[in-house]
Structures are given as C-alpha cells and as structure tokens.
Amino acid sequence: MRTISILLLMAILPFGLQAQRSVKNFYNQFSRGEETVKFKLPGFLIHMGGGIARKHIDDENGRLAMEMTKYIKNIRILVVEDEDQIERVDTRQFLQDAIQKDNFEELITVRDEETNMSILVKDRKGKKITNMLILVQESSELVMLSMKTNLKYKHLELFIREIMKREKIKIEPPKDAEDKIEMVIPRA
Amino acid sequence: MGFLCLQINAMAQSPAVENFYNEYRHAPNVIDLNFHGEIIKFAFQGEDKSTGDLIERISQLRIMIMEDKNIVKKGDYRELVSNLKDDRFEELMTFREGGSDIEILLREKGAIITDVILLLNGDDEFIMLSLEGLFRFEDLNDLNLNIEGSEHLQNLPDKRKDVPRA
C-alpha cells in the first residue's frame, strides 16, 4: 500500500510542479531594473500589510480592498515601465498558455486601443477561486498580479456589489432601441 | 436537471467565433469585452426574479465592438456566417435597422438554446455579441442586458413560429 501511495505521489507531483508554468515563464522574462519591479510576498505579510494599510486609508473602497487581502495566500507582483521590455513580450501568447496549459479561465477581459485588462482564475468546483491572475497592459506600463487565494465567488460578489453600492453605479434601462446604454458612474 | 446536464457542453465556444475574435480583437478602434457568467450574475443580481433566473443561466458573454469604422472585410464576414452554419448554428432572423444589417443565429441541443450570436454589420459600426448559456426560445427577448447590441434581441417574438420568414 505504501509503495502504491509513493508511486501515485511521484506520478502526480510533476503535474503539481508544472502548475502555473506560464506565469513563472512570463515573470522570468523580465529583469529587475530601474523600471521593473518584481517580488513575491507570502500571505502573512500581505495580511499584516493589509491590516495596517486599512487603518491609514481614507478611501472607503481602498479599505474594502484591504479587507480582501485576508483571502490571499501569496502574491507575485510584476510592474514594468520599460517600454522596450513591454514591446518585446507577447502577452497574448502568455494568456493563451495560461488558459490552455495551466487551466485558467477568463473571468473578465476588457480591451480597447490603449488598455488591455484581463482577469483569469482557476477555481475548485466553481465555488472557490484558488488562483487569480490579473494583467493590465498599456503602452507604457505593464502590471501583473498572480495570487494563490482562498477566495469564494460569494466574497468577490459581495466586494463588487459593495463597490457598486458605494459608487452608486447604476445600470439604466434603454429608453428606446436607439439609446446607447452605459454604466452611469457619478463623478465625485 | 436537463439544464444541469447540458452545462458542461455549453461552455465550449464555436471555433468560428474564436477565430474571428482572434482575427480582429487586437485591431485599433476595436473594443473587446469578455465576461464569465459569475461576473454577469454579480452585476445583475437584485433584478426581479425572472430576470435573475435568466441571468443565472448565462455562462459567458462576449462582445466585440467597432465604432466609427467597420474594418471587417466582406469576405471574412461571409466566412464567419458560413463557418457558424457549419458549426451547427442556425440563422434565425435577419433584418435591417438604422442602416445596419442584423443577423441572429442560434445553436441548440434539443429544445435548449446553448449559443446565441448577434451580428450587427453596418458601414460605420460592427458588433458581434456572443452569448453562451442555457435558454428557452421565449427567454431571448427578455435578455435585457443593457449592453451594446443586446437591445436587438427584443425584436424576437415569444414563439419561434412567429419569427418572420422571407
């Protein structure tokens, strides 16, 4: 029995190690420098930092975001402001690899001429988000956050709905077929 | 139970749609939005129960919008529609509104509609709205998502037999 267990563990271990290879490969493409910041943080430091930051942030949405840090187990952060480095990388291929090889799923993608924002997740049985990948790219800046989380969809839902409530974001019904509808976000 | 059984298969997007998106999504003046069903539920929860039930059954919503200029080549558009038909989509309705041609195509598994594609092809704009989920025909004109293009679904009648034929 023990031999079988060890053999099974050896069989599945390579798959565990390969998880998120796309993220690691993307992260390693960038060298640290004046215009590139990259680091990893363990969960306890994030929770501590989030707790401290909450006390010092005036913005309600910011404080709400800090509360969400309790669901983060660890985070890998990459910020690149070197346009040459940004131009050289193929973020499309990275996202494709994350989806096809590392089983991420697109949660939201918003892309226009200037900005490219994607949030990808891996979840367990559609209930808990185990990994989240956020990529924001503009011509002069690229930000990637890769997190292991303990976040349930209902936490995310409450967070989004709270933000929408605070920002009084309304979705207005069309008056007629010609009316173009947009989300109404009142300016402060 | 029928809805649950079909859920897994409903997630697979048509290769014709995927290829078309990949061809144009990175072009200038193109806006590309893709939402997982969970995000749509968050945004629209709190609506009345019937709308809420309908929203729950959307697994993915994707929109490609070109404003000010339609850069889709005629050949690519025809190929898209042809490939969709090869991929089991059926053309439900075609009409003209405000100078643009609008086509609605469906893909079904038995009596359940798993994919809805709305194409708006005008001189100065193009919209492709792709909806995946599990719907009945009478649900489609209730899909008031308040997103560019979705208002044209309200042109559909409640019953399939009432869809105007050429």
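Which residue in strand 2 of chain B does Asp32(B) stand opposite? The residue opposite Asp32(B) is Met64(B). This is a predicted model, in which local features need pLDDT of at least 70 and side-chain atom pairs count only at pLDDT 80 or more, while totals for chains, interfaces and linings use all residues. Residues are numbered from 1 along each chain as its sequence is written, and chains are lettered from A and ligands numbered from 1 in the order in which they are written.

**The sheet**
- Strand 1 (residues 30-36) and strand 2 (residues 58-66) of chain B pair in the antiparallel sense over seven bridges.

**Helix 5 of chain B**
- Helix 5 (residues 74-86; helices are DSSP H or I runs of at least four residues) has 13 residues.
- Leu80(B), Val81(B) and Leu84(B) are buried in this helix, meaning that 20 or more other C-beta atoms, placed from the backbone, lie within 10 Å of the residue's own.
- Seen down the helix axis, the buried residues fall within an arc of 90° (taken over the directions from the axis to the C-beta atoms), so they line one face of helix 5.
- The face turned away from the buried side carries Gly75(B), Arg78(B), Ser82(B) and Asp86(B), which are exposed, that is, with 12 or fewer such atoms.
- Just after helix 5, Arg88(B) takes a positive phi of about 75°.

Methods. Helix = DSSP H or I, 4+ residues; strand = E, 2+ residues; numbered from the N terminus. Expected span 1.5 Å × (residues − 1). Pairing = 2+ DSSP bridges.
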